[in-house]
Amino acid sequence: MNNYKWHLLSITFAFIFSVTCFFLLGNTPSTLAIEHLAQNKIIIMSILIVIIFFYLSYVLIKVTKASEKIEASNSKIKSEIAKIQMTFSSIGDAVITTDQFGHIDYMNHSAQELTNYTFEEERSLTISTVFKLFNDDNFLLDDPVAVAITEECVIKSQHDTFLQRRGGERFPIIYTIAPIHDSDSNIIGTIIVFHDTSDTHKLTQALSWQAHHDALTKLPNRILLKDKLEASLEEVKANDSLLTLFFIDLDNFKPINDEYGHEQGDKVLKIIAQRLLEIIRHKDMAARLGGDEFIIIMPSFEQFEDIIKSLERVMKAISQPIPVGSTNVSLSASIGVTIFPDDHSDADTLLRHADQAMYIAKQKGRNQYHFFDVQSDQVSTHLENQRQRLERALIDEEFFLVYQPKVNMRTGEIYGFEALIRWDNPDTGIVYPDQFIPLCEDSELIICIGDWVFSQALKQLHTWIEAGFDFKLSINIAAKQFQAPDFIDKLDTILTQNPDIPANCIELEVLESAALQDVEKVSEIIRACHERNITIALDDFGSGYASLAYLKQLPANQLKIDKSFIIDLLTDEGDRAIVEGITSLAEIFKCQVIAEGVESNAHGVMLLRLGCDMAQGFGISKPLLAELVLDWAKKWQPDPNWLRWADTQWDISDFPLFIAHSDHFAGMNKLTAYIKHYTPEQPPFDLHAYNHCRLGEWFYSIGQRKYHHLKSYQALEQPHQATHSLAKKMLQLCLEGKPEDARQLIPELDNMRNQVLTILNQLQQEILAQKPISSRSSNLLGNSSAQNNH
């Protein structure tokens, strides 16, 4: 623009000068000859002026056009830079660019999050400070950016590379580093593209550990524990030393789950596990049996005093405060101890003896340890004393009931409540049923406690009915109580004593595992209950491996999905498949299905999409004291996200669509991991054809019939087929001995995968935007939501 202004001034000056000369020459007095000469000069001058004027006009036009081109070019460059930066900002991968000296000159938002540095901080640092990589042996790797610049080549991540972000946290990544060249092929910097592969890494680790390790704490599980114990026994026999076994049970752990939720409870278990690992020796082993029970194996002790010191270290470590939510909690432990060769038993017996000793420690007041006494029958005696204490608790009315709501998430209605027993022990405080019911479930005492629960629950139900609430009340029945010869007679007596209570308000919950003990007898009892209009629920369904034949013989009204399948429902493909299967079974056998252990609203949404309308769990409400139930019921409001699905009827055949996101994502991730770590020794990857994977089968059958008119459906086929074709090509390259060529195609596979996921999301939104396919005209599940097709 400055050049343009100068040219304009020059042209203006020339024009003024020419005009001035013209007038000066035209008015100069002279003789005739001079006047004639002057006239010729004027003519010549005029011609020159015109020529100069046109020339300068031409120059002006050229300059103006050049200036406009420069401005347009600059604008385009700025626009391209903005587009590139916007692209970098919007893609999921982290992007960092550097100059030729390794100084950072750009990074997108993802890179800032992963490195924990802001751009303003990083631009003053070298890439070697920000992009610090380690292998899985915790060795610092050479700066790959320097290698890319020095060798002028593209650098790609190797297996198990970890980025250390500011603060010290490390996580696995996949990265590509490429040099940037100018028009003369000189290196002017590098571009680094990387992303967090923690999910894939965790999946790989989980698959390799799941057979022998506890998924939550990462400690060895029972299988690996037994192997270690047997090996240690052989070792101490050869060394003539002691082997000590600690059986650790945390005191009062259940209230943490009840008050703060299972997520915080899991956090506490992880912290305890870590503390145990920190205090044991290299040759010792800490393992988790399940729940809040841990085992420590300590071989090669020579002095009894060393065992005592180890016990004290364990109890001290467990008692340290643990952050839970916004507060700290302190736990204690009851520890049972047995010592080989004093207890000259095999591995299984040693574990059982340590377990028995732990129960003694717990009943003696907790927060202490107890040594198994091989020379006496103290353990058996103590177990009998425990049962006697429970009998006294029943007589002294130390038991009480709490009630946990069961709701229909689709309609927002309260289906009923489950009665749960608690023991208010004057010496130890509130005791949960898993801590005392196992002590008496094989004795007649369990029937006495069960009868008390039944009686108290019906009294409470009568109170609610008088208040105008006809809740269905679920009562847990132990196997020994349910199969007792006089169970039906007792049931008739109770119904006769409570004529104001409709029998259809009573529901009996029987453990699936208990029902399978004697299917024929249990079936007879269930039918007798049905004749009295009492419904039956199979509790913890899925944990007992009931076959279709057994389920057909057990005419239960309700299947209660075990909470172990619900906790990880949002992330575990296997759990979703199990829930889907149980939901399908429920529809086939025309019975209700309810999920227990629903911890969040998101769990509820997923269950609704899988066809399970009914739920209970801490995500809905904790168990309530009887006096709080009616107030809770009046204030109860379902989650708005659940109601979003209330008027939408999904067909059961659409299940593959709902979990296609997870299936497709997980499948492509598994394929990527397989190719990244491919070796000729690996078994072939099981890749289904595009029309035989779960999504494909739905797409070419139900989906084609119902949703072929939707734009997203029409847009899905090509990228889905292309994804499978590319995956097949990559696997073929591996088989041909070209795994590196296959790995070069991983970014393209990622892009195709993401495209399919985007279209799947749009398709579900289009389906949801349609009017409901039909109203719920049939109710297979009585007064709650039926297992309608979703």
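Okay, ground rules: residues count from 1 along the chain as its sequence is written, and side-chain values use heavy atoms, with hydrogens and water left out. Since the model is predicted, local features need pLDDT of at least 70 and side-chain atom pairs 80 or more, while totals for chains, interfaces and linings use all residues.

So, the chain has 790 residues, and 47% of them count as buried, meaning under 20% relative accessible area with a 1.4 Å probe, protein chains only.

On to the cores, which are sets of buried Ala, Val, Leu, Ile, Met, Phe, Trp, Tyr and Cys joined through side-chain atoms within 4.5 Å. The largest one holds 103 residues, and Phe 399, Phe 482 and Leu 508 touch the most other members.

Now rings. Phe, Tyr and Trp rings (six-membered for Trp) pair with centres within 6.5 Å; planes under 30 degrees apart are stacked, over 60 edge-to-face, the rest tilted. That gives 24 aromatic pairs. Take Tyr 403 and Trp 464: edge-to-face, 5.1 Å centre to centre, 70° between the planes. Tyr 403 sits in strand β15 and Trp 464 in helix α15, 61 residues apart. Tyr 403 is buried at 3% relative accessibility, and Trp 464 at 1%.

Note on methods:
Buried < 20%, exposed > 50% of the residue type's maximum accessible area, 1.4 Å probe, protein only. Helix = DSSP H or I, 4+ residues; strand = E, 2+ residues; numbered from the N terminus.
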